[in-house]
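Here's a walk through a structure that may be new to you. Take a moment to look at it, then read on.

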Amino acid sequence: MKFLEEGLVKVGAKAADAEDAIKQAGVLLADAETVEDVYIDAMVQSFQENGPYFVLAPHIAIPHARPEDGVKEASVSLLQLKDPITFGHSSNDPVQLIFGLGASSSEEHVDLLKKLTVLLNKEENVNQLRTAASYRDIKTIIETGEGK
Amino acid sequence: MKVLSVCGLGQGTSLILKMNVEQALSEKGIRADVEHMDVSSASSMSADYIITSNELAEGLEGHSAKLIIVNNYFDMDEINQAIDEHIAKA
């Protein structure tokens, strides 16, 4: 499983709209070879069909598709936007942190989501992730956030 | 008591919600079976409560279970409050 490792995180990114941001978060997964390219299209398709429900909290979106849509390994990427964008969510817009989720059907999937939940349950961590200027900053937040 | 946490695909976000709902329920001493699934599976499943986002609640209107809306899946205060308001302590 791969959780926010260096190649899976992009800081200060720019996105034209929600679909563009979802694609970029998916490309991070595909480049790390944890998902196949078709999974990126499935992530966008899920957004088109089901709407922005995966904007789970203020500033935070977790786009994903199904394990059978081309996941090779349970994984989480992060696209941190320089300028937040609108996803069309009724209460959690605008979005600045897009966590691309390579959803697997393995136990590792549950472990990954637990790690992500522990990290994001603390508002302080979310605020730090929004203002992080480098991967090194992000890594520190993840390490201290998990330790707390 | 049976509780469903529901999202669009039943894979990711509903599992995150399930984790936080289970934690909140156990801290309150409420015994419940929490299952996560997608909207269409939830539609045909009986339960006492369904917890989901405002975005997906529309698709579940008319369900016999009581609907509970959570806007911020990572805000334990909001989840605790929603449970206090809707689920009576056993």
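## Ground rules

Two residues are in contact when they have heavy atoms within 4.5 Å of each other. With that in hand, consider chain B: among its contacts with a separation of 6 or more, residues 24 or more positions apart account for 55%. In chain A, the share for that kind of pair is 69%.

What you're looking at is a predicted model, where local features need pLDDT of at least 70, side-chain atom pairs count only at pLDDT 80 or more, and totals for chains, interfaces and linings use all residues. Residues are numbered from 1 along each chain as its sequence is written, chains are lettered from A and ligands numbered from 1 in the order in which they are written, and side-chain values use heavy atoms, with hydrogens and water left out.

## Chain A at a glance

Chain A is built from five helices and five strands. Both kinds of element are DSSP runs numbered from the N terminus: helices are H or I with at least four residues, strands are E with at least two. Follow the sequence and you get β-β-α-α-β-β-β-α-α-α.

How does its radius of gyration fit a compact globule? For 148 residues the rule gives a value near 15 Å, and chain A has 14 Å, which agrees. (The radius is taken over C-alpha atoms, and the rule is 2.2 Å times the number of residues to the power 0.38.) The C-alpha trace spans about 35 × 30 × 25 Å along its principal axes.

Of the 148 residues in chain A, 53% count as buried. Buried means under 20% relative accessible area, exposed means over 50%, and partly exposed is in between, using a 1.4 Å probe and protein chains only. The chain exposes about 6,300 Å², with carbon and sulfur atoms supplying 45% of that; accessible areas come from the Shrake-Rupley method with a 1.4 Å probe, and for residues only the protein chains shown count as cover.

As for charge, chain A carries 14 positive and 24 negative side chains, and the centres of the two sets sit 6 Å apart. Lys and Arg count as positive, Asp and Glu as negative, while His and the chain ends are not counted. Each charge is placed at NZ of Lys, CZ of Arg, CG of Asp or CD of Glu.

Which peptide bond is cis? It's the one from Asp93(A) to Pro94(A), with omega near -10 degrees. Pro94(A) sits in the loop between strand E4 (75-85) and strand E5 (95-102).

Glu33(A) is at about 60 degrees, in the loop between helix H1 (18-31) and helix H2 (37-50). It counts as exposed because its relative accessibility is 57%. His59(A) has a phi near 80 degrees and belongs to strand E3 (residues 59-61).

## The nonpolar core

In soluble globular proteins, nonpolar side chains tend to be buried together. Here, the largest nonpolar core has 88 residues. Such a core is a set of buried Ala, Val, Leu, Ile, Met, Phe, Trp, Tyr and Cys residues joined through side-chain atoms within 4.5 Å. The members that touch the most others are Leu4(A), Ile60(A), Ile62(A), Phe87(A), Ile98(A), Phe99(A) and Leu120(A).

Leaving out residues up to four places away in sequence, Phe99(A) touches a list of residues including Leu4(A), Ile60(A), Ile62(A), Val76(A), Leu116(A), Leu120(A) and Leu129(A).

Chain B has four helices and four strands, in the order β-α-β-α-β-α-β-α. Its radius of gyration is 12 Å, which agrees with the value near 12 Å for a compact globule of 90 residues. Of those residues, 56% count as buried. Its charged side chains come to 6 positive and 14 negative, with centres 10 Å apart.

Leu4(B), in strand E1 (residues 2-7), counts as buried because its relative accessibility is 0%. Beyond its neighbours within four places, its contacts include Met37(B), Met45(B), Tyr49(B) and Ile51(B). Gln11(B), in the loop between E1 and helix H1 (13-27), is buried too, at 18%. What does Gln11(B) touch, not counting residues up to four places away in sequence? The answer lies in chain A: His64(A), Ala65(A), Arg66(A), Pro67(A), Ala103(A), His109(A) and Leu113(A).
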